[in-house]
Amino acid sequence: MSECIFCRISAGDVPADVVAQDEDFVAFRDARPLAPVHLLVIPRSHVASLDEAEELSAEASARALAFLAATARSAGVAETGYRVITNTGPDAGQEVMHLHWHVIGGTRLGGMA
Ligand code: 5GP
Ligand code: ZN
């Protein structure tokens, strides 16, 4: 069994509040939400961070932005707005070494740090 928590969520081995999924991606609620809507979107394939984006399949790379946009629309934040963040490496405070995008919204967000 994978030791990567997000691989285990993708496989259904660890429970998560999944809001959308398809063959390439899973979207689920962050366990420690920073805003009323705080989702994580992950590729099903294990890629450690954006710095290894070339390891994503061409198909998943091509579909990632559209999946993010569709996830935000289905979460109800497309009209009011939202932020997509990818923490990459130590200076960004990346905790989970499986590429993921935070989709944050549902309130007026503060400035970028
Ligand atoms: P990072 O700092 O790596 O960009 O953020 C990792 C995020 O994953 C954090 O916001 C944290 O709350 C979330 N997280 C870590 N482990 C789990 C988990 O097991 N389940 C869920 N739903 N979120 C998690
Ligand atoms: Zn993984």
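Biologist: What links Phe 25, Phe 67 and Trp 101 into a cluster?

Modeller: Ring pairs link these three residues, where rings of Phe, Tyr and Trp (its six-membered ring) pair if their centres lie within 6.5 Å, and planes under 30 degrees apart count as stacked, over 60 as edge-to-face and the rest as tilted. This is a predicted model, in which local features need pLDDT of at least 70 and side-chain atom pairs count only at pLDDT 80 or more, while totals for chains, interfaces and linings use all residues, and side-chain values use heavy atoms, without hydrogens and water. Residues are numbered from 1 along each chain as its sequence is written, chains are lettered from A, and ligands are numbered from 1 in the order in which they are written.

Biologist: How many aromatic pairs does the structure hold, and what makes the pair of Phe 6 and Phe 28 edge-to-face?

Modeller: There are three aromatic pairs. The ring centres of Phe 6 and Phe 28 are 5.4 Å apart and their planes stand at 80°, so this pair is edge-to-face. Phe 6 belongs to helix H1 and Phe 28 to strand E2 (residues 25–29), so the pair ties together parts 22 residues apart in sequence; helices (at least four residues) and strands (at least two) are DSSP runs.

Biologist: Why does Phe 6 count as buried, and why does Phe 28?

Modeller: Phe 6 has a relative accessibility of 6% and therefore counts as buried, and Phe 28, with 3%, is buried too, because buried means under 20% relative accessible area (exposed is over 50%, partly exposed in between; 1.4 Å probe, protein chains only).

Biologist: Which residues are the protein donors of the zinc ion (ligand 2), and why is its site called tetrahedral?

Modeller: Cys 4 (SG), Cys 7 (SG), His 46 (ND1) and His 98 (ND1) lie 2.0 to 2.3 Å from the zinc ion, and donors are N, O and S atoms within 2.8 Å of the metal (3.2 Å for Na, K and Ca). The angles among the four donor atoms are 105 to 118°, and four donors count as tetrahedral if all angles lie between 85 and 135 degrees, so the site of the zinc ion is tetrahedral.

Biologist: What do Cys 4 and His 98 tie together?

Modeller: Cys 4 lies in the segment before helix H1 (5–11) and His 98 in the loop between strand E4 (82–85) and strand E5 (101–105), so the pair joins parts that are 94 residues apart in sequence. Cys 4 counts as buried at 14% relative accessibility, and so does His 98 at 0%.

Note on methods. Tetrahedral: all angles 85-135°; square planar, octahedral: opposite > 155°, others 65-115°.
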